[in-house]
Each structure stands twice: as structure tokens, then as C-alpha cells.
Amino acid sequence: MILPGMAKDDVVLVKADGKRVEGLKAVVSMRRIVTFHTDLEIEPKDIMLKQCADGGQEAYLVLDPMFNRAGDGIPENYQITVRKVAVPE
């Protein structure tokens, strides 16, 4: 179970049209990203960029953005199935 306080990775959502949403917090793993920022729409083919501690970036292609309603003490969240890809130029 992932709780909001565990979301410490800085991510940027890059929409398919190029629009960027910065300042998001998430928990990033190789195949899944969890975020509690549910005030935005995350869609397949969007890109999530993780800001790494060394100044680099990792890029993840959104495959399945599953929205979860609040329940059992856990607020609304997205559990996003992703695939790591090359960082876009």
C-alpha cells in the first residue's frame, strides 16, 4: 500500500500535445508510477519524466493510467502502468 507521504519523486507530466505539468510528486518504479495528483487527466501515450538526484532524467511512457477512488483511508490516486523509454529531446 502506497500512501501520499511516500510520494517523494519529482515528476513532470508531458502530454501528447507537448503541454508540461510540473511540480508533481509520485512513487516511481520500473513498471508503475503512483501519484495522488488527481486534479489532472493522465492518458495513454503521455510521458512522465522523473527528475533524478544526479540531475538526470528518466522517461516513462504511460500505458494504462488507472484511476482509483478514495477508500480504506487512502485518497484518490492514479496507479499508472508505464514502460521506460529514452528521454525525449
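Visitor: Is Asn77 buried or exposed?
Guide: Happy to start there, with a predicted model in which local features need pLDDT of at least 70, side-chain atom pairs count only at pLDDT 80 or more, and totals for chains, interfaces and linings use all residues. Residues are numbered from 1 along each chain as its sequence is written, and side-chain values use heavy atoms, with hydrogens and water left out. The classes rest on relative accessible area, with buried under 20%, exposed over 50% and partly exposed in between (1.4 Å probe, protein chains only). Asn77 has 5% relative accessibility, so the class is buried.

Visitor: Which backbone oxygen does the side chain of Asn77 reach?
Guide: Asn77 sits in strand β6, where strands (E, at least two residues) and helices (H or I, at least four) are DSSP runs numbered from the N terminus. Its side chain comes to 3.1 Å from a backbone oxygen, and that oxygen belongs to Pro75.

Visitor: Which residues does Asn77 contact, leaving aside its neighbours within four places in sequence?
Guide: A contact here means heavy atoms within 4.5 Å. With those neighbours left out, the partners of Asn77 are Thr35, Phe36, Thr38, Met66, Phe67 and Asn68.

Visitor: How many helices and strands does the chain have, and in what order do the strands run in the barrel?
Guide: The chain has zero helices and six strands, and along the sequence this reads β-β-β-β-β-β. Two strands pair if DSSP finds at least two bridges between them. The six strands form a closed barrel with antiparallel pairing, in the order β1-β2-β3-β6-β5-β4.

Visitor: What is the average twist from one strand to the next?
Guide: The axes are lines fitted to C-alpha atoms, and angles run from 0 to 180 degrees between N-to-C directions. On that basis the twist averages 45°.

Visitor: Which residue in β6 is the bridge partner of Tyr60?
Guide: Strand β5 (residues 57–68) and strand β6 (residues 77–85) run antiparallel and are joined by nine bridges. For Tyr60, the partner in β6 is Lys84.

Visitor: What kind of aromatic pair do Phe67 and Tyr78 make?
Guide: The structure holds one aromatic pair. Rings of Phe, Tyr and Trp (its six-membered ring) pair if their centres lie within 6.5 Å, and planes under 30 degrees apart count as stacked, over 60 as edge-to-face and the rest as tilted. The rings of Phe67 and Tyr78 have centres 5.6 Å apart and planes at 70°, so the pair is edge-to-face.

Visitor: How far is Val82 from Ile33, C-alpha to C-alpha?
Guide: Val82 lies in strand β6 and is buried, because its relative accessibility is 4%. Its contacts beyond four places in sequence include Ile33, Tyr60 and Leu63. Val82 and Ile33 are 49 residues apart along the chain, yet their C-alpha atoms are separated by 7.0 Å.

Visitor: What is the relative accessible area of Val11?
Guide: Val11 lies in strand β1. Among its contacts beyond four places in sequence are Val21, Leu24, Val28 and Leu49. Val11 counts as buried because its relative accessible area is 2%.

Visitor: Is Lys15 buried or exposed?
Guide: Lys15 is in the loop between β1 (9–14) and β2 (20–28). Not counting residues up to four places away, Lys15 touches Glu41, Ile42, Glu43 and Asp46. At 15% relative accessibility, Lys15 is buried.

Conventions:
A polar contact is a pair of N or O atoms within 3.5 Å; within protein, one must be able to donate a hydrogen and the other to accept it, and residues adjacent in sequence count only if both atoms are side-chain atoms.
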